[in-house]
Amino acid sequence: MEVGRAGLYVYSDTELDRAEGAAIESLKAHCQQAIPDPDKWLEEELRRNILLTSVDFMLNWARRSSLWPVICFPACCAFELIATAASRFDISRFGMEIIRASPRQADLMITAGTLTWKMAPQVRRIYDQMAEPKWVIAMGACAISGGTFAQSYSVVPGYNLIVPVDVYVPGCPPRPEALLYGIKMLRDKISKKSITEG
Amino acid sequence: MLADYAYIGLFLIVALFFAITTLLLPFTLRFFRIVPHKPNPIKSSTYECGMETVGKSWVQFNFRYYFYALLFLALDVLVVFLYPWAVDLRQLGHFGFIGVFIFIFIVIVGYVYAWRKKVLEWK
């Protein structure tokens with residue numbers, strides 16, 4: 001991010017605010033259309049109607065069995081996610097207990113909570129930094145459509161404006177069981193993917 | 001005797017094999033198109049994660065941190081010496097007891113000197 005005159009060491013709050021506002025406004029202008037959900041291969045699979053090859057089976061098994069979530073919990077659904085990760089519901093059953101602080105090592109983003117436009121560039125940045133192949137679970141009403149705050153000027157009405165979403169988990173907040181069901185759906189979705197489809 | 005070194009050689013071979021495999025694995029997966037290739041400027045950057053710094057990261061720190069660090073270091077080392085002394089206090093007897101007090105006295109003199117020189121005041 002380039003702020004103010006080059007060569008200055010310290011920038012004023014006004015300059016920083018202006019630069020951040022410009023970045024947010026440009027993102028807002030580019031993200032007015034919802035990004036279509038990445039689910040092409042599901043229909044492909046139905047059309048082909050053949051069994052997956054053993055390479056596909058092995059790869060998909062490996063991918064769905066080691067989904068590492070990245071830390072990206074902007075709001076209160078995070079508590080349900082934490083409960084899901086903790087001992088009672090225990091997502092380590094799915095090989096997901098390693099919640100990575102670095103997006104470079106993660107391949108699943110569970111978007112737990114309301115996203116404001118101010119936070120949106122950072123979420124987009126985390127998604128961009130994640131390694132391929134990567135998936136996104138939109139958790140809660142706010143993540144799906146903005147929820148209660150959908151009409152607000154500062155809230156992103158749905159994460160699918162910012163990042164492509166694979167699975168939507170409704171609820172306000174969704175209970176851990178609901179999130180586990182969403183994770184199960186994602187695993188089913190991954191298991192239908194074929195490497196020939198990029 | 002010589003056969004014992006074979007274990008080190010074996011260990012070296014395993015280490016080399018492991019390192020080379022780990023390095024070549026991504027290239028192999030890319031070659032067979034198993035990993036999708038969708039680069040973008042942010043992913044390709046060497047900066048791993050987190051927010052980028054605004055402006056230059058070669059900022060100047062206040063010189064007074066140095067004084068605090070130095071004082072902290074002196075007292076920290078004092079504590080490191082006190083732990084083994086406290087464990088063996090009974091065996092060391094009076095000599096050890098008085099010796100440590102002399103040691104603490106020297107450090108305290110330095111501390112009071114720094115205090116009098118107004119090092120602890122943040123101006």
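Predicted model: local features only at pLDDT ≥ 70, side-chain atom pairs only at ≥ 80, totals over all residues.

Let me start with a crossing in chain A: H3(A) and H7(A) cross in a right-handed way. A crossing is called right-handed if the near helix is turned clockwise from the far one by less than a right angle, and left-handed if anticlockwise. Helices here are DSSP runs of H or I with at least four residues, strands are runs of E with at least two, and both are numbered from the N terminus. The contact is made by Asn60(A), Arg63(A) and Arg64(A) on the H3(A) side, and by Arg187(A), Ile190(A) and Ser191(A) on the H7(A) side. Two residues count as in contact if their C-beta atoms, placed from the backbone, lie within 7 Å.

Helix H3 of chain A covers residues 54-65, and its axis comes within 9 Å of that of H7(A), with a crossing at roughly 155°. Axes are lines fitted to C-alpha atoms, for helices over the stretch in contact, and the angles run from 0 to 180 degrees between N-to-C directions. H3(A) and H7(A) are therefore roughly antiparallel to each other. The scale for that wording is under 35 degrees for roughly parallel, over 145 for roughly antiparallel, 65 to 115 for roughly perpendicular, and oblique for the rest.

Residues are numbered from 1 along each chain as its sequence is written, and chains are lettered from A and ligands numbered from 1 in the order in which they are written.

Now the sheet. Chain A has an open sheet of 4 strands in the order S1-S2-S3-S4, with parallel pairing. Strand S1 (69-70) and strand S4 (167-169) of chain A are at the edges with a single partner strand each, so one side of each has no neighbour in the sheet. Pairing requires that DSSP finds at least two bridges between two strands. S2 (residues 108-112) and S3 (residues 135-139) of chain A are joined by 5 bridges, and Leu108(A) has Trp135(A) as its bridge partner in S3(A). Helix H7 of chain A, residues 176-191, lies across S3 and S4 of chain A and runs at about 170° to S4(A).

Which peptide bonds in the loops are cis? One joins Glu132(A) and Pro133(A), with omega about -15°; Pro133(A) lies in the loop between helix H5 (120-129) and S3 of chain A. Another runs from Cys172(A) to Pro173(A), with omega near -10°, and Pro173(A) is in the loop between S4 and H7 of chain A.Asp90(A) is not a glycine, yet has a positive phi of about 60°. Asp90(A) is partly exposed, with 14 other C-beta atoms within 10 Å; the cut-offs are 20 or more for buried, 12 or fewer for exposed, and partly exposed in between, with C-beta atoms placed from the backbone.

Last, chain B. Chain B is divided into domain 1 (2-44) and domain 2 (64-116), with bounds from an automatic or database domain assignment. The C-alpha centres of the two domains of chain B lie 50 Å apart. Helix H3 (residues 64-87) of chain B packs with H4(B) at an angle of about 175°, their axes 11 Å apart. H3(B) and H4(B) are therefore roughly antiparallel to each other.
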